[in-house]
Amino acid sequence: MHSPARKRIRVLDAGAVTFGEPLKEHCSWRIGGPADIFVQPSGEGQIVNVLRFVGEEGLPLVVIGRGTNLLFADEGFRGVVLKLGKRFSDFSVDGASVRAQGGLWVPRLVKNLADEGLSGLEHAAGIPGSFGGLVAMNGGSLRHSVGERIVDVRAVSFAGELRTFRRDECAFSYRRSLFQLGAGDPGNRWIVLEAALELVPADRNDIRREVLRILAERRGKFPLDLPNCGSVFTNDPAVYELAGPPGKIVEDTGLKGLRVGGAEVSHRHANFIVNLGGATASDVLALVGEIRKRVHDRIGAWLECEVRYVGAEGTLVPASEVSGTPIRREK
Ligand SMILES: Cc1cc2nc3c(=O)[nH]c(=O)nc-3n(C[C@H](O)[C@H](O)[C@H](O)COP(=O)(O)OP(=O)(O)OC[C@H]3O[C@@H](n4cnc5c(N)ncnc54)[C@H](O)[C@@H]3O)c2cc1C
C-alpha cells in the first residue's frame with residue numbers, strides 16, 4: 001500500500017481507521033493476516049466517503065459484518081476492509097414493522113423483537129452475525145431464512161449509488177441474495193445499510209420461551225467452546241436427497257476428528273471445523289479439500305461451502321472454490 005493512500009484516508013471523514021489490522025480479531029474462526037486498511041464507518045456519509053476513496057485509489061474492497069461466515073487469507077488483505085461497526089445499529093418499531101441497520105448484532109435484534117412481542121425471527125436466535133451479514137447470506141435456521149420477513153433493503157453500491165430494493169428484487173434463495181456477490185462491476189455490488197422486516201404480534205413470553213428452546217438446542221448440538229464458523233458446507237437439496245444433510249454425510253464418511261494443522265472436523269458436529277489453536281487459512285482449506293475428496297469418493301457428489309474465503313487481493317468466493325478440489329457438482 002503506497003503511503004499517499006494512507007495519508008488520504010487518515011484525513012478523510014471515514015470513521016475509525018487502522019492500518020495492518022489483524023483480521024483474526026474480526027472473525028469467529030480467529031484466522032487471518034493483516035488488512036492494509038481497516039475502516040469502521042458509523043454513518044452512511046462515511047461509507048460513501050470510503051467508497052469514493054476506494055474507487056479513486058483502485059483498491060480491492062471487502063465488506064464484513066461480524067466475520068462469522070468468513071475465512072480470511074493468511075496473507076491478510078491488500079486493500080480496504082469495511083466493517084459496519086456497532087454504531088451502525090439503530091433499531092425502530094412501527095406496529096409489526098421493524099427497521100434495523102446493518103451493523104446490529106443478530107442476538108440483540110432477536111432480543112429486541114422478543115421484548116416488542118414480535119414473532120417471526122426466533123429461528124435466527126444464536127446466529128452470531130450482524131443483521132447486514134444475515135440479509136446478505138439470507139441466513140436462518142430450522143428451514144427458515146431472514147428473506148421471508150424482509151419488506152425492503154436499503155443499500156449502497158460500491159459505486160456510491162443509494163437504492164431501496166423490494167423483497168422480490170433481492171434474489172433471495174437458500175443462503176443467497178443479491179448482496180453477497182463478491183466480484184464484478186462496482187455498480188452491481190451492494191452494501192446492506194438497513195432493512196425493514198414485517199413480523200407478527202405475539203405473546204412476549206411465548207417468543208422468549210421459543211428463543212430459549214432454540215438456544216438450548218444449539219448449545220447441545222454445536223461445538224461453541226472452540227473458534228468456528230458455523231456450518232462449513234451448505235445443505236444442497238440434491239445432495240440431501242442422495243445422502244442426507246452435510247454433517248451426517250461428513251460423519252458417515254468417518255471424518256469426525258480429521259485434522260490438518262490446527263483445524264479439526266468437530267467431534268461434536270461434523271459440519272463444523274474448529275480451530276484447536278493456531279489454525280491457518282491454509283489448514284482449513286486443505287481440510288475442506290480433503291473432506292470434499294473423501295465424500296466425493298464415497299457418494300459421488302461434491303459438497304459446496306457456505307463459508308466464504310476472502311483472498312488477499314479481493315476474491316470473495318465459497319471456500320470450496322479455493323480448496324484445490326473441483327467445484328462442479330455431480331449428481
Ligand atoms: C456458531 C455459529 C453458528 C452459526 N449458525 C448459523 C445458522 O444457524 N444459520 C445461518 O444462516 N448462519 C449461521 N452461521 C453463519 C453466520 O453467522 C451467518 O452467515 C451470518 O449471517 C453472517 O453474518 P456476519 O455479520 O458475520 O457476516 P460476515 O461473515 O462478516 O460476512 C458474510 C458475507 O456477508 C457479506 N456481508 C456482511 N455484511 C454485509 C453488508 N452489510 N452488506 C453486504 N454484504 C455484507 C460479506 O461480504 C460476506 O460475503 C453461524 C456462525 C457461527 C460462528
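How many residues surround the ligand, and which are the closest? The answer is 34, with Val63, Gly65, Thr68, Ser130 and Gly140 the closest; a residue is near the ligand if one of its heavy atoms lies within 4 Å of it. This is a predicted model, in which local features need pLDDT of at least 70 and side-chain atom pairs count only at pLDDT 80 or more, while totals for chains, interfaces and linings use all residues. Residues are numbered from 1 along each chain as its sequence is written, and side-chain values use heavy atoms, with hydrogens and water left out.

**Polar contacts and burial of the ligand**

- A polar backbone atom of Gly65 sits 2.7 Å from an oxygen atom of the ligand, where a polar contact is a pair of N or O atoms within 3.5 Å.
- For Asn69, a backbone N or O atom is 2.8 Å from a ligand oxygen atom.
- Arg175 uses its side chain: one of its N or O atoms lies 3.3 Å from an oxygen atom of the ligand.
- The protein buries 95% of the 970 Å² that the ligand exposes when taken alone (Shrake-Rupley method, 1.4 Å probe).

**Who builds the shell**

- Strand S3 (61-64), helix H4 (131-137) and strand S11 (190-198) each give two or more residues to the shell around the ligand; helices (H or I, at least four residues) and strands (E, at least two) are DSSP runs, numbered from the N terminus.
- H4 provides the largest share, five residues.
- Sorted by class, the shell holds 16 nonpolar, 14 polar and four charged residues, with Gly counted as polar.

**Domains**

- The chain is divided into domain 1 (3-83), domain 2 (91-219) and domain 3 (237-322), with bounds from an automatic or database domain assignment.
- The ligand lies between domain 1 and domain 2, because both give residues to the shell around it.
- Between the C-alpha centres of domain 1 and domain 3 there are 27 Å.
- In domain 1, 15 residues are in contact with 18 residues of domain 3 (heavy atoms within 4.5 Å).
- About 1500 Å² is buried between domain 1 and domain 3, and carbon and sulfur atoms give 63% of that; buried area is the accessible area (1.4 Å probe) that two parts lose on being put together, summed over both.
- Trp29, Asn69 and Leu71 supply 42% of the area that domain 1 buries against domain 3, more than any other three residues.

Note on methods
Polar contact = N/O pair within 3.5 Å; in protein donor to acceptor, adjacent residues only side chain to side chain.
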